[in-house]
Amino acid sequence: MAETRVRYYGTGHRKNAVARVWLAPGTGQVTINDRPASRYLGRLVLEKLIAQPFLQTRTEGRFDVMVKCKGGGISGQAGAIRHGISKALLEVDPENRPVLRRSGLLTRDPRVKERKKYGRKRARRGFQFSKR
């Protein structure tokens, strides 16, 4: 008889970063784009950011995390991963919703770079004005 592997999925977004996250029962190993999280992210602060959903739901060390990330920078991708993990934890147990909602982990951060406007140097910065 074939063994069925249980995996939970969540998609996270932040700025221009998109993270596809899969959770599988395991030991707490995090893999981002086929690399360990510590090597991919490079900063302890971002690793702690990713761990927040597990700390809030008291599930640290119970799931292996596999992430495919693209777009944005490292910080935006870490935020997207955190959002994706939170959404995947909802699939694991819908009872987690109030805890994650209270912590603000289910809310997508909608802030993105504003587009450059014509007649200006950047989005809002105009050219330097000189009377003479």
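**Exercise 1.** Which residue in β4 is the bridge partner of Ile32?

*Solution.* Start with the source: this is a predicted model, where local features need pLDDT of at least 70, side-chain atom pairs count only at pLDDT 80 or more, and totals for chains, interfaces and linings use all residues. Residues are numbered from 1 along each chain as its sequence is written, and side-chain values use heavy atoms, leaving out hydrogens and water. Strands are DSSP runs of E, at least two residues; helices are runs of H or I, at least four; both are numbered from the N terminus. Now read off the partner: Arg35. β3 (residues 30-32) and β4 are antiparallel, with two bridges.

**Exercise 2.** Place the strands in the sheet.

*Solution.* Strands pair if DSSP finds at least two bridges between them. The open sheet has five strands in the order β1-β2-β5-β3-β4, with mixed pairing. β1 (8-14) and β4 (35-36) are the edges, each pairing on one side only. β1 and β2 run antiparallel, joined by seven bridges. Their hairpin leaves two residues between them, and Lys15 in the turn has a positive phi of about 50°. β2 and β5 are antiparallel over eight bridges. There, Val21 has Val67 of β5 as bridge partner.
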